[in-house]
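Hi everyone, thanks for coming.

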Amino acid sequence: MAMNTGGRLVAGSHNRNEFVLINADEIGRIKAVHELSGQTCQICADELEIINEEPFVACNECAFPVCRTCYEYERKEGTQACPQCKTRYKRIKGFARVEGDEDEDGIDDLENEFDYVKSEPVGFTQNGGTVGSVYGGLSGSATMPGHDSSQGIDIPLLTNGEECAEIAHNQSAIIVPLFASNVNGIHATPPGTTPPPVHPRPMVPEKDLAVYGYGSVAWKDRVEEWRRRQNEKLQVVKHQGTNGDDFDGGDFGADLPMMDEGRQPLSRKLPIASSRINPYRMVIILRLAVLALFFHYRILHPVPGAYGLWMTSVICEIWFATSWILDQFPKWYPIERETYLDRLSLRYEKEGKPSELADVDIFVSTVDPMKEPPLITANTVLSILASDYPVDKVSCYVSDDGAAMLTFEALSETSEFARKWVPFSKKFNIEPRAPEWYFSQKIDYLKNKVHPSFVRERRAMKREYEEFKVRINRLVAMAEKVPDEGWTMQDGTPWPGNNVRDHPGMIQVFLGHEGLHDNEGNVLPRLVYVSREKRPGFEHHKKAGAMNSLIRVSAVLSNAPYLLNVDCDHYINNSKALREAMCFLMDPTSGKKVCYVQFPQRFDGIDHHDRYSNRNVVFFDINMKGLDGLQGPIYVGTGCVFRRQALYGFDAPTKKKAPSKTCNCWPKWCCMCCGSRKSKKGKSGKARRGKKSKHKEASKQVHALETIEEGIEEINTVDRPFISQEKLEKKFGQSPVFVASTLLENGGMPNSISSTSLLKEAIHVISCGYEDKTEWGKEVGWIYGSVTEDILTGFKMHCHGWRSVYCMPKRPAFKGSAPINLSDRLHQVLRWALGSVEIFLSKHCPIWYGYGGGLKWLERFSYINSVVYPWTSIPLLVYCTLPAICLLTGKFIVPEISNYAGIIFIALFITIAVTGILEMQWGGVGLDDWWRNEQFWVIGGVSSHLFALFQGLLKVLAGVSTNFTVTSKGGDEDGGFAELYLFKWTSLLIPPTTLLIINIVGVVVGVADAVNNGYDSWGPLFGRLFFAIWVIMHLYPFLKGLMGKQEGVPTVIIIWSILLSSILTLVWVRINPFVSRDGPVLEICGLNCDD
């Protein structure tokens, strides 16, 4: 019988009863070993390994390039044949024997011949391999006729010997040979015999699949779909260290289905070490006991002749003790957290599939481009667009509440530069991704950057950025001279925002629409400019109103389930910040109850000594960690990722309560105790029985894990009650599109609405009258009623039962600029304190609001402290005045100190010091930062907090409103922290200046009095001097700020000092402590003057 070979080599095999045609072309020809060096694997594209100076050769027939990993996989899990010539692979020395290997003479490799100890997955492999018996046996591998090796079907033993209900008994199915299976650990072939070889090659390749009937095809589809789902979610790994105590029969528990890393928690709590936190708690309790003894002594030992001073000091000290309790006990359970970004990617970013990470809408707020330079805002926007997050899931909304054309044009320039900056940032994975701060870093920018084109492209990008800065600065220079007729747009129409207080709403989508990509052809995130409508006669609610407008606009245009808000000067310093937040918000076990993830604020451009405590390290590294162990940190206004549903005023999901097993014949509390013990016992018993039966239900467990994972939240939480359309419109406003979006818990947009219709609806939801007769600002969105809307908004969420999370990644997520000038810093603190006073005088005061909700008691203590602290300014001002009064009058606030009193005072000072030291230890705060915080607490308390208290009272009681002062956010362009030494006079400087002068004068007068009266007066003087020096030391940074960097003293300080000195001189003459009130004392000197 003749056969047409077509000029190709014919190879025959008597054992296999077949012929093989070997191509003689360039691809299929037999290659010499030296020709294989440097080649890549034709399966996985990895480079071939070099073994003993020779490349690895898998097939000796055709030398088809295959790496060691693919060779081993094909032998264990595949067809065991070469993909090119179809010759069965022979076992190479160093690899384990597989079923079907013939006895090969001349290979002595006993240590690798049988793979007994390797912890290879016995079921689902990472690459979709064999689905084996869950008890550790090997399953057979059957290849479907007519298919190549890549489509081979590995038949799992799903039913453990039971007939599958989906395949009828009279239908044909693929039969797994007995020697290929290992059911319940029992081998069908005796251990001493070698199983017959298996040749997986089909005997009749041309035979159609349909000939085998329905059963085989149904089984194939079922197994492929089942295996695909399992490979995505599960892997069966060998259980390490099983000792037989947990299971009956050690062999049955050897291999159990376990969750792979993608299904493990995305974050975890890291409690403070007990060696640090337990002494801290003990000192707090001890300090409480010492305080009780202190007040017992102070109240029972008044000062004769100075009842007024004594009573005033005791009242102030009681207030300070109460304030300390409110501040201290919320720090009782401090924790830290750790995130697992790799698990987040494994879970939601599967290879070859679109990313399943949630969409995020990012809000950037700005008001005045002259105080908030457009270059700063542009850097913030660029860092957002270049963040390490899927571009199709990021939308950036910039709120221009000043309707400035400068901001609009600067944003247009930013969108153009982003087409160059974003691909450069992502290509080289640079940090931070704000160009101003990236190029100003004084570090080795070549570190870990080995790409040959990096230096060249970095230089080119720096030139591009310098040109971009020139264009932005030119816009700023032009904006300083506004034309009389106002600005005009490119098409000749007047700029709608020429009148800042009367203009229509404006929305412009700069990036994110079709046809606009970066320079490398990639899609860019959406960038939207928003300026809400403003009309005279409407209350716009400042920043809170702007944020609520952005909520509605973003819901109409993108409707991401999560929102991030940042100030215009807070750029993303860690490109993975969004992923850090998603580790908490998208965690399937605990994420549903998290309303927001708060990041700490970190700042650039602050002097090394942080003279005015701008970093606020004690609050962010100590107080916030303590709150995170309770119900979560408070919202601080920026750097916070929200759950949109929480901002809509919905309650947190609650767990369904298990049915109680109590009877009516016992009291409820008794039944609760007995029932709880019975429940625990029952639970432990069920757990033991469950462990024993795992080996019987293993395959069913594999299927059940999918269902459990998909429905974990639905099972444990109560569904939200139905709300009618009328109530929704009354709550959210008259916008069908927006109201419909509020019902989508996971976000998303309808595909049937055109972009033009969405823009019209977006303009509608930012109109002035949209919020009328709705719950916006009351129960929905950012809450109105305070200039510090952040505290109020977070407080309302916690009252609804939500919890928040504090995330502190190693690399700070966000960085901003802080006002390092003394006057600007005091004005900033004034605004914060004023907001707290407004909340204290409103119905939302945490002292009387929110009971019966989900707010925990210690969390309430923290909120009470956050609104009460401005009232501390009055006792603090009085207490800082007492040392000067005591020195000028010669009296003191305590009587003559006994030994008992001395012990109490020393113990009190020691406990205060030890409490601070232990806080610094577990919080990771330095001594300088802690001391600067103490100093500025006094400086701000006697100035900004005092003025905020009176302004708040005037606003609430008399209706006198105060203007919102935007803090200047310009950079320190002159270098050397020139702004730090800039002196700006403000009325806030008067109280601390007065305290400083009178205490210095008091010290001088006290020392002069002691010198005049002799040695006996020095003893009582030390207590008064210590008291006064304590005040002066706390006000020392303020004194340095008054002096500035200049050589002379400011004129206003000289005038104020002369005025106060004159007043004190008159008071001194009136008091006249050197002369007795009964007149001069005349003594007989012993001399006779008459002589």
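This is a predicted model: local features need pLDDT of at least 70, side-chain atom pairs count only at pLDDT 80 or more; totals for chains, interfaces and linings use all residues.

Residues are numbered from 1 along each chain as its sequence is written, and side-chain values use heavy atoms, with hydrogens and water left out.

The protein chain has 31 helices and 23 strands. Those are DSSP runs numbered from the N terminus: helices are H or I with at least four residues, and strands are E with at least two. Of the 1091 residues in the protein chain, 47% are buried. Buried means under 20% relative accessible area, exposed means over 50%, and partly exposed is in between, using a 1.4 Å probe and protein chains only. Now for contacts, which means heavy atoms within 4.5 Å. Among contacts between residues at least 6 apart in sequence, 76% join residues at least 24 apart.

Let's look at helix α21. How many of the eleven residues of α21 are buried? Eleven of the eleven, so α21 is largely enclosed by the rest of the structure. Among them are Glu789, Asp790, Lys796 and His798. After α21 comes glycine 801, with a positive phi near 95°.

Compare that with helix α1, residues 68-76, where Cys70, Tyr71, Glu74 and Arg75 are buried. These residues cover an arc of only 135° around the axis, which puts them on the same side of α1. The arc here is that of the directions from the helix axis to the C-beta atoms.

On to strands. Strands of a sheet pair through backbone hydrogen bonds, either parallel or antiparallel. For us, two strands pair if DSSP finds at least two bridges between them. Find strand β19, residues 594-598: five of its five residues are buried, so β19 is largely enclosed by the rest of the structure. Four bridges join β19 to β22 (residues 803-806), and these two run parallel. In that pairing, glutamine 598 stands opposite tyrosine 806. Three bridges join β19 to β21 (residues 640-643), this time antiparallel, and tyrosine 596 stands opposite phenylalanine 642.

There is also an open sheet of three strands, in the order β18-β23-β20, with mixed pairing. Its edge strands are β18 (571-572) and β20 (602-604), each pairing on one side only. Two bridges join β18 to β23 (residues 814-817) in an antiparallel way, and isoleucine 572 has phenylalanine 814 as its bridge partner in β23.

Next, two loop residues. Asparagine 559 lies in the loop between α11 (542-557) and β17 (562-567). Is asparagine 559 buried or exposed? At 1% relative accessibility, asparagine 559 counts as buried. Leaving aside neighbours within four places in sequence, its contacts include Asp361, Arg644 and Gly748. A polar atom of the asparagine 559 side chain lies 2.9 Å from the backbone oxygen of glycine 748.

Histidine 844 is in the loop between α22 (822-840) and α23 (857-868). Histidine 844 is buried too, with a relative accessible area of 8%. Beyond its neighbours within four places in sequence, its contacts include Leu792, Phe795 and Lys796, and each of those three is listed among the buried residues of α21.

Finally, the rings. A pair of aromatic rings is described by the distance of the centres and the angle of the planes. Rings of Phe, Tyr and Trp (its six-membered ring) pair if their centres lie within 6.5 Å; planes under 30 degrees apart count as stacked, over 60 as edge-to-face and the rest as tilted. The structure holds 46 aromatic pairs. Take phenylalanine 738 and tryptophan 776: their centres are 5.7 Å apart and their planes at 40°, so the pair is tilted. Phenylalanine 738 sits in helix α19 (residues 736-742) and tryptophan 776 in the loop between α20 (755-765) and α21 (789-799), so the pair ties together parts that are 38 residues apart in sequence. Phenylalanine 738 is buried at 0% relative accessibility, and tryptophan 776 is buried at 2%.

Note on methods: A polar contact is a pair of N or O atoms within 3.5 Å; within protein, one must be able to donate a hydrogen and the other to accept it, and residues adjacent in sequence count only if both atoms are side-chain atoms.
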